[in-house]
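Have a look at the model, then work through the steps with us.

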Amino acid sequence: MKKDFKYICDNCGRIYSIEKNIMLCPNCREEVIKGKPLKGILKVQLPAEQKNILIDGRKINISDFLPVEEKYFPPISVGNTPLIEAKNIQKELNFDKIYLKFDGTNPTGSFKDRASYLVSAFAKKSNINEIVVASTGNAASSMAGIAAAAGQKTFIFMPKSAPKAKLVQCLQYGAELIIVNGDYDTAFDLSLEFSKRTGFLNRNTAYNPLTIEGKKTVAFELYEQLAGNEIDYLFLPVGDGVILSGVIKGFSDLMFLGAIKKFPKIIGVQAEGSSFIYNALYKGNFDLNYKASTIADSISVNAARNGYSAVKDLKTAKGEMATVSDDEILYAQNYLSKMSGIFCEPSSAASFAGFLKLQESIDKNKTVVLLLTGHGLKDIDSAVKSIKFPKAFKADIDYILDNINLK
Ligand SMILES: *Cc1c(COP(=O)(O)O)cnc(C)c1O
């Protein structure tokens, strides 16, 4: 790999060179993973000579801070997603600055493309042409799309319950789809065994360290888009907790590089019916038998795979967690669409729902950023629950004018 980029174990601190056969720390990993949070998560450590190199406000070239060289990047543009000032919402809620970071504009419609992009580049560099992933939907459709751009083949393990649009995306991109009779955890474990037997690169979230690393790029973009102005609050949705750790990793790197001096207040939002990390942080309860249930499929996970690391990262960054109900999510999704023109999927709306729930406790002059991670068209069956379809009108203009609301 690139000179001087290393892996460091989040648990024991051992250092490893970045190689295709190292996923979890060989010292800390557990032999039997079945449905549990992973032990020995590896993070990428930047070279020591990069310390404080951004202290004079030098312009960021993100690829300088990623462990794979630019020449291996897939030929498709990922990231650099828009940061939109939510003017109507600011006005209605009386806030000075609310920004929406909309990752639904990524090529496959979700934040997951940031991770897939780096994994695809790493596979190319390692001369592996096949990538394996287990997913509730977005990681799969993302890997399939990005790999298609790079001319790589994707093998996907998915539970039957995934929203149809996400299955269709996978097939459209030409991936080999293995729909598993069982839940996401079953798919996860099967995919690990499949990778082991075939030698194909595994992209499972948290398990492959480059998923966290790829997701950090959003922090660098926010830093640039806000011209270094401080973010006070950053709300983001949490499932397995890899976006959470990726974002915290991004801000940690920015601190190491000398660009910023402190973390924004990071608030991870989970659905009430999928609150493994919330429970772990506040009740110290890592319930390995936890069963999730929420309409927000992308954040519906039992024992979060990145659970141990996510809680540790939250403590380091002094972050918080919040939970919201499915009704609050659907309300937030619909309200956000009407007020901003951004239609995001339920899991993304969770971050907005979390903000709506906590807004009373936040000073109105603070800068708030909401991470919106996926496009609404990926799961219209959920969105349909908070809208009403009109009946068909008689084809008569007077009748129509009499029967619609013109305001
Ligand atoms: C995967 C996903 C999340 C949750 O990310 P984790 O890393 O699992 O916490 C949130 N929103 C969308 C749209 C996703 O696809």
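**Exercise 1.** How far from an oxygen atom of the ligand does a backbone N or O atom of Ile 243 lie?

*Solution.* First, some ground rules: this is a predicted model, in which local features need pLDDT of at least 70, side-chain atom pairs count only at pLDDT 80 or more, and totals for chains, interfaces and linings use all residues. Residues are numbered from 1 along each chain as its sequence is written, and side-chain values use heavy atoms, with hydrogens and water left out.

Step 1: the distance for Ile 243 is 2.8 Å, where a polar contact is a pair of N or O atoms within 3.5 Å.

Step 2: a polar backbone atom of Gly 241 is also 2.8 Å from a ligand oxygen.

Step 3: for Asn 138, a polar side-chain atom lies 2.8 Å from an oxygen of the ligand.

**Exercise 2.** Find where the ligand sits.

*Solution.* Step 1: the ligand sits in the largest cavity; sitting there requires more than half of its atoms within 2 Å of the cavity's grid points. A cavity is a set of points, on a 1 Å grid over the protein atoms alone, where a 1.4 Å probe fits but cannot get out.

Step 1: this largest cavity holds about 300 Å³ of space.

Step 2: its lining (residues with an atom within 4 Å of a point) has 26 residues, with Lys 112, Lys 215, Gly 239, Asp 240 and Ser 298 nearest the centre.

**Exercise 3.** Describe the second largest cavity.

*Solution.* Step 1: its space is about 30 Å³.

Step 1: among its lining residues are Leu 24, Glu 30 and Lys 39.

Terms used. Polar contact = N/O pair within 3.5 Å; in protein donor to acceptor, adjacent residues only side chain to side chain. 1 Å grid on protein atoms, 1.4 Å probe; cavity = no way out; pocket = protein on both sides within 12 Å on 5 of 7 lines; lining within 4 Å. Points joined across faces, edges and corners; volume = space filled by probe spheres on them.
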